[in-house]
Amino acid sequence: MTAPVLYEFPHSHFCEVARWALEYKGIEYRSVCLLPGFHVQKMKRLATDSSVPVLVDGGDVIQGSARIVDYLEQVHPDRPLTPADAGAVEELEREIAETIGVPLRRLCYYHLLPHADLVRYFFMHRAGRLANLAFRMTYGVLRKKITEIYDCTESGAESAKVELARAIDAFDRRLAERPFLVGDGFSRVDLTFASLLVFLVMPPEYPVNWPRELAGNELAQWFDTFRDSRSCRQVEFLYANYRR
């Protein structure tokens, strides 16, 4: 049987949801790393739009991290990730994506895009020499496209900080009342939460590390203000105990 193929950005916290779900269930898969901006035509040939991750499993094409988890739950029911109380899952996953995943992506891009070498590390650390050469030659165009798509402006970054601080405070309050976000054990909601907040923590189990050049910069200092929050401690706990 041919292994499923995951089309992804290796640095993406949304793609991390799919990677974690696949690996948690012990599914062997092949990763195809794409260059943001230049992935559009490939994805539109495969699926309905340009977003990643996309999982191709035989004749099935599944786009989006939450839908990939849905699919894996159906075809690989071992080690289930959906809690018995599944009613709140979809709504809570959407809230995590919108209040944490989206603004955190915008904030990181704003601070990283001026540093081509750092962006190359995150985007291309699993790519070959020709892909790295293409990245260097086209980075100016790529940077402009990413800035426009994700509103990676100064005002966009400031609004992202406000959104993230508000979301972390809300999840801190929720986690004060329970060890997991839904039900009595680890579930897809916890996996999504930890994946989408991972950049604030960068635990050793995460497959990408911050390069040394980012230590102590403005973004790292802002992240450090949340280091002792319940949310960040929960991310550390979940990665240490549930991320293979």
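Buried here means under 20% relative accessible area, exposed means over 50%, and partly exposed is in between (1.4 Å probe, protein chains only). This is a predicted model, so local features need pLDDT of at least 70 and side-chain atom pairs count only at pLDDT 80 or more, while totals for chains, interfaces and linings use all residues. Residues are numbered from 1 along each chain as its sequence is written, and side-chain values use heavy atoms, leaving out hydrogens and water.

Now for the rings. Rings of Phe, Tyr and Trp (its six-membered ring) pair if their centres lie within 6.5 Å; planes under 30 degrees apart are stacked, over 60 edge-to-face, and the rest tilted. That rule gives 17 aromatic pairs. Take phenylalanine 180 and tyrosine 242: they sit edge-to-face, 6.3 Å centre to centre with 75° between the planes. The two are 62 residues apart, with phenylalanine 180 in the loop between H7 and H8 and tyrosine 242 in H10; helices are DSSP runs (H or I, at least four residues), numbered from the N terminus. Phenylalanine 180 is buried at 8% relative accessible area, whereas tyrosine 242, at 23%, is partly exposed.

Another edge-to-face pair joins tyrosine 206 and tyrosine 239, at 6.3 Å and 85°. Tyrosine 206 is buried at 2%, and tyrosine 239 is buried at 0%.

Over the face of tyrosine 24 lies arginine 79, at 3.9 Å from the ring centre; the cut-offs are CZ of Arg or NZ of Lys within 6 Å of the centre and within 35 degrees of the ring normal.
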